[in-house]
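Hi,

Here is the structure I promised to pass on to you.

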Amino acid sequence: MAKAPRPYQRLTRSQLGLATYSSLWLAKDHLLLVESSGFHESYHRFYLRDIKAFVVSDSDRFLYSNIIVGLLVVIAGVPVVMRIVEEESPLVPLFFLVPSLIVLIANLILGRSCRVDIVTALQTRRLKPLSRRRRTRKVLDRLEPLVRAAQASLAPSPATAPPKPATEAPPPTLQTG
Amino acid sequence: MCRSCQTDFSLIAFPALTAPSRSAKPKAVEVEEGATCFFHDQNSAETVCSGCGRYLCAVCNIDFGGEPKCPACVAADRRGGSEAILHRILYDRIALGLAVLPLLLWPLTLVTAPAALGVVAYGWRQPASILSKSRARFVIAGVLASVQLGGWVFFFGTLWVNR
């Protein structure tokens, strides 16, 4: 018997929060934000036809986490250097240096951080799983055509759109990057 | 840039941002024999509920997963279907947690192993996460808890024989 197609496709991996983690999934007609404590899951749905906008803003988390982990690397690295200078085995201080170095490299590879809010008619909600610029761009590039297709009937056609008054200020430039 | 907090941001806007809000406007019954809404006999029926077949006016017609549904069927879906589920308890993870975590303080397994088996028995029939229907965690938890219980039976059996 053929396997039934999965109703949800994963958009992001779980993003760890304070005692919770959250992830973002895509269904046929809606986005699903899953927040989990490990033993309990809460589901928040955003129907594509209801999404008014995504607001993407910069976050300082990347900078501060790099500073904190960088300090840890320095603190853990000094004993390693001292051990090497003293021609002793640096194995014990390396035990502390390597994990912090891995975290620092992983943070650098994941790239700049950001905040993404989804706006609907009734709510504005932070999408915690979209916390990195690169991942956010990929997800939004995938979502944008789907949302536009779901709202095709709402888009005003050029023939029916009311003429703009001559004194009206130009609309703000939309950035997607 | 936000004029209030001076924060740079990008806006990806969709047609719904500027579209006028949709509001349901029911039509009054025009002729006495006209079909009326099941819930509002003053309103003309405009569609049929895909769940129960009741006639619905524009107020009662809820677009639910692309199908017209009445409020009663939407409430029923909340209990049974996956479209309107708001949360789920993950019994498989509770069982696995009860089977694995107490191994750090192994005497606790005397209590937690039967508890894990109880959660496996109860949770097996409960609805799983809407994202994954796998029962693998139940199986692993059940096997681990059974082994722990077997160990305790062996331990107490040996004590009883050697008393």
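This is a predicted model: local features need pLDDT of at least 70, side-chain atom pairs count only at pLDDT 80 or more; totals for chains, interfaces and linings use all residues.

**Where the chains meet**

Let's start with chain A and chain B. Their contact takes 38 residues from chain A and 29 residues from chain B. About 3,200 Å² is buried between the two chains, and carbon and sulfur atoms give 55% of that area. Which residues of chain B lose the most area to chain A? They are B:Ile12, B:Phe14 and B:Leu131, which together make up 24% of what the chain B side buries.

The interface also has one salt bridge across it. If you want to find it, look for A:Arg49 and B:Asp63, whose closest N and O atoms are 3.7 Å apart.

**Salt bridges overall**

Over all chains, the count comes to nine salt bridges. One of them pairs A:Glu35 with A:Arg125, with 3.6 Å between the closest N and O atoms. A:Glu35 sits in strand β4 (residues 30-36) of chain A and A:Arg125 in strand β8 (residues 124-126) of chain A, so this pair ties together parts that are 90 residues apart in sequence.

**A helix pair in chain A**

From α1(A) the contact includes A:Phe62, A:Val69, A:Val73, A:Ala76 and A:Val80, while the residues on the α2(A) side include A:Phe96, A:Leu97, A:Leu101 and A:Leu104. By class, this contact has 15 nonpolar, six polar and one charged residues.

**Helix α2 of chain B and its two partners**

In chain B, follow helix α2 (residues 91-100), and begin with helix α3 (residues 109-123) of chain B. This pair packs at about 165 degrees with axes 8 Å apart, which means α2(B) is roughly antiparallel to α3(B). The crossing of α2(B) and α3(B) is left-handed. On the α2(B) side you'll see B:Tyr91, B:Ile94, B:Ala95, B:Leu98 and B:Ala99, and the residues they meet in α3(B) include B:Ala115, B:Ala116, B:Val119 and B:Val120. The contact of α2(B) with α3(B) has 10 nonpolar residues, two polar ones and no charged ones.

Now for the other partner, helix α4 (residues 136-161) of chain B. Here α2(B) packs at an angle of about 30 degrees, with the axes 8 Å apart. The two helices, α2(B) and α4(B), are therefore roughly parallel to each other. α2(B) passes α4(B) in a left-handed crossing. Among the residues that α2(B) brings are B:Tyr91, B:Asp92, B:Arg93, B:Ala95 and B:Ala99, and those they meet in α4(B) include B:Arg137, B:Phe138, B:Ile140 and B:Leu144. This contact of α2(B) with α4(B) divides into 10 nonpolar, one polar and three charged residues.

Cheers

Notes:
Residues are numbered from 1 along each chain as its sequence is written. Chains are lettered from A and ligands numbered from 1 in the order in which they are written. Side-chain values use heavy atoms; hydrogens and water are left out. Axes are lines fitted to C-alpha atoms, for helices over the stretch in contact, and angles run from 0 to 180 degrees between N-to-C directions. Helices (H or I, at least four residues) and strands (E, at least two) are DSSP runs, numbered from the N terminus. Angles under 35 degrees count as roughly parallel, over 145 as roughly antiparallel, 65 to 115 as roughly perpendicular and the rest as oblique. A crossing is left-handed if the near helix is turned anticlockwise from the far one by less than a right angle, and right-handed if clockwise. Contact means heavy atoms within 4.5 Å. Ala, Val, Leu, Ile, Met, Phe, Trp, Tyr, Cys and Pro count as nonpolar, Asp, Glu, Lys and Arg as charged, and the others, Gly among them, as polar. Buried area is the accessible area (1.4 Å probe) that two parts lose on being put together, summed over both. A salt bridge is a side-chain nitrogen of Lys or Arg within 4 Å of a carboxyl oxygen of Asp or Glu.
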